[in-house]
Amino acid sequence: MDNLLWIFISTLLVNNFVLAYFLGLCPFLGVSGQLETSFRLGLATTFVLVITALCAWVLNTYVLIYAPYLRLISFIVVIASTVQFIEMSIKKLSPSLFKSLGIFLPLITTNCAILGLAIFATNRGYGLIEGLTFALGAGAGFTLAMVLMAGIREETEINNVPALIKGTAFNLIIAGILSMAFMGFAGLFSST
Amino acid sequence: MTDKQDNIKTSSITTEEPSSSRLIFSMAVAGFISGIIIIAIYMLTFDTIKENKARELREAVFKVLPEVSFMQKLHFMDNKLGVVKAEGMDDEMIFAGYDKQGKFIGYAIQGKGPGFQDTIHVLFGYLSSNQNITGMEILDSRETPGLGDKIFKDMDFVGEFINLPISKEIKAVKKGKKTQENEIDAITGATISSKAVVRIINIAFNKWSSRLPQQGNEPLLDKN
Amino acid sequence: MATDTSAYEEMIKGLWRDNPVFVQVLGMCPMLAVTNSAINAVVMGLATFFVLVGSSFLVSSFKQWIPKQVRISLYIIIIATFVTVVDYSLLALLPTIHKELGAFIPLIVANCMILGRQEAFASKHNVKYAVMDAVGMSAGFMIALFALGSVREILGVGAFFGIDLFGANFEPWVIMILPPGGFLTLGLLLLFFNWFTERRREFLLKVAESSRVAYVDGDK
């Protein structure tokens, strides 16, 4: 239990996927303009991450012990097709859910956070429960970073930012400051 | 899939629709070729990679145990510590080191645990004769470069683990505050990583100390 | 000769005008994660170079046989194959560097720059142009990686390719090799790039203006 909590908190705050591992930067810099959209994208990503952890575990336990060299290619193919399959079924079963989350799904599959999760979970030898916790922590961390970023960007919309720095450079510097702030969470583990 | 196809079709000039068997065929060919390439590179590099890993491990064991010339793997299974020859390494394994004449010297014990960033994998040498740690080596870690990676780059810190008594639990204290024999000066700026190393060693030691055979009953060196 | 100049142009555009990092802001994930030292940046750059040139070559040579409906999946399979090759070769030849780059080598697959080049360029042009474009783009990517890696290593460790630069009295700005340093350095580099491009544009405008004035004057 301690271990699970540690995995969750450390991926949520200290080793935040976006701010410490730079995974999932494309949506982080591209989509984080609006608070509402960012939050929904975060939720959808969390969902895909959980599916990914599940797929990675199944592949690792039943397939890849026989053929470790197929790891990368099978992760990509299996995760992409599973997500596509889920997208189709959500569309069929609940059009309203699809409208709010589903439109992001194809976009997320090509996000490096997804592949990164599968690879990190494998490298660390996580089991099923640990992997799912890891995915939840990573998703929550991603959502948190997205929402914070979107909040700051909405605020700066009305400010007078020099034209030269506006855009990606500005967002990167905000991300740098956020990342610095998140480093402070490392102190959480100093007592243990 | 059909939905996506429709999107693509409307966005590009509609040409004749290839049959699905042709789609499957091209995917299969691509998959087959890529499979052959991947397996070829795997076979080509397999021996070198295996050798690199074995050499790395052997060097680490030789580093943490003084004057060792031979080593063998010991595996803990069914409440017994036995010699294994198999490749690879898992958490239930330690290493025994022997001198030139094949006389037993000490154990190299491994431990894993959370560090500042990610799991730290530690190997340390242990002499059961005087209950001392003889050296420490970090096998794997992703600690912050420049700060946390001092746990293996700062030679003063690594040096503190040479001839360190572990009859009592070892402790990491602030640099310069070391008073007891079983205390270690933590690295300034990398307190968390230093403490993590110490904690991992303590846990691994507690796990293994009861499993090690009585003195004099150490497994003999199997020279084959 | 005309074709040669334009092939050369396809190559050169990736270096500055269409630089994948500074202008298109692609491939950020490996860009920031592995650039805490110059040597890591160079190895990552070379790996990306190999993957991009190889897949562009294959995609453009086989483009007639790639059905439109499954093209993305096929590109990904091709890219993933090259990445696996790079991964195993590095593991065998440079185990110490592989340890540091570790999990980020497989992530080359998810580098949107590579997939983007296949979709936008290699699938529409012949082999020669596609390879030229890939060489240019990955060289541009490498330049950006190298710039970022050097700045971060020089300031964050006080060394360059592991060679100590400032002596013992230099207190390294450790933050530069930590994640925030990656964001900040890239942000500032982009700012510099924007500033430079802007200055250059203004300068060219001025030149054009003055030559026009001179022309008008001469006409009188």
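With 25 C-beta neighbours inside 10 Å, B:Gly106 counts as buried, since the cut-off for that label is 20 or more. This is a predicted model, so let's take B:Gly106 as the way in.

**Around B:Gly106**

B:Gly106 sits in strand 4 of chain B, the run covering residues 104–114. What does B:Gly106 touch, once residues up to four places away in sequence are left out? The list is B:Leu65, B:Gly97, B:Gly125, B:Tyr126, B:Leu127, B:Ser128 and B:Thr134. B:Glu56 is 50 residues away from B:Gly106 along the chain, and the C-alpha atoms of the two are separated by 19 Å.

**Where chains A and C meet**

Now over to the other two chains. On the chain C side, 30 residues are in contact with 29 residues of chain A. Which parts of chain C supply at least two residues each to that side? Helix 2 (28–33), helix 4 and helix 8 (179–219) of chain C do. Helix 8 of chain C gives the largest share, with 12 residues. Sorted by class, the side of chain C that touches chain A has 24 nonpolar, 5 polar and 1 charged residues.

**The helix 4 pair**

Helix 4 spans residues 71–93 in chain A and residues 71–93 in chain C, and the two axes come within 9 Å of each other, crossing at roughly 155°. Because of that angle, helix 4 of chain A is roughly antiparallel to helix 4 of chain C; the cut-off for that wording is over 145 degrees. The crossing of helix 4 of chain A with helix 4 of chain C is right-handed.

As for who meets whom, helix 4 of chain A brings A:Leu72, A:Ile73 and A:Ile76. Across from them, helix 4 of chain C puts in C:Ile76, C:Ile77, C:Ala80, C:Thr81, C:Val83 and C:Thr84. By class, this helix 4 contact between chain A and chain C has 7 nonpolar, 2 polar and no charged residues.

**How confident is the prediction?**

For the model, the scores are ipTM 0.83 and pTM 0.81. Chain C averages a pLDDT of 84, and 95% of its residues score at least 70. Within chain C, confidence is lowest in helix 1 and highest in helix 3. Here are the mean values for those two helices:

| Helix of chain C | Residues | Mean pLDDT |
|---|---|---|
| Helix 1 (lowest) | residues 2–13 | pLDDT 70 |
| Helix 3 (highest) | residues 38–61 | pLDDT 91 |

Notes:
Residues are numbered from 1 along each chain as its sequence is written. Chains are lettered from A and ligands numbered from 1 in the order in which they are written. This is a predicted model: local features need pLDDT of at least 70, side-chain atom pairs count only at pLDDT 80 or more; totals for chains, interfaces and linings use all residues. Axes are lines fitted to C-alpha atoms, for helices over the stretch in contact, and angles run from 0 to 180 degrees between N-to-C directions. Helices (H or I, at least four residues) and strands (E, at least two) are DSSP runs, numbered from the N terminus. Angles under 35 degrees count as roughly parallel, over 145 as roughly antiparallel, 65 to 115 as roughly perpendicular and the rest as oblique. A crossing is left-handed if the near helix is turned anticlockwise from the far one by less than a right angle, and right-handed if clockwise. Two residues are in contact if their C-beta atoms, placed from the backbone, lie within 7 Å. Ala, Val, Leu, Ile, Met, Phe, Trp, Tyr, Cys and Pro count as nonpolar, Asp, Glu, Lys and Arg as charged, and the others, Gly among them, as polar. pLDDT is the predictor's confidence in each residue, from 0 to 100. A residue is buried if 20 or more other C-beta atoms lie within 10 Å of its own, exposed if 12 or fewer, and partly exposed in between; C-beta atoms are placed from the backbone.
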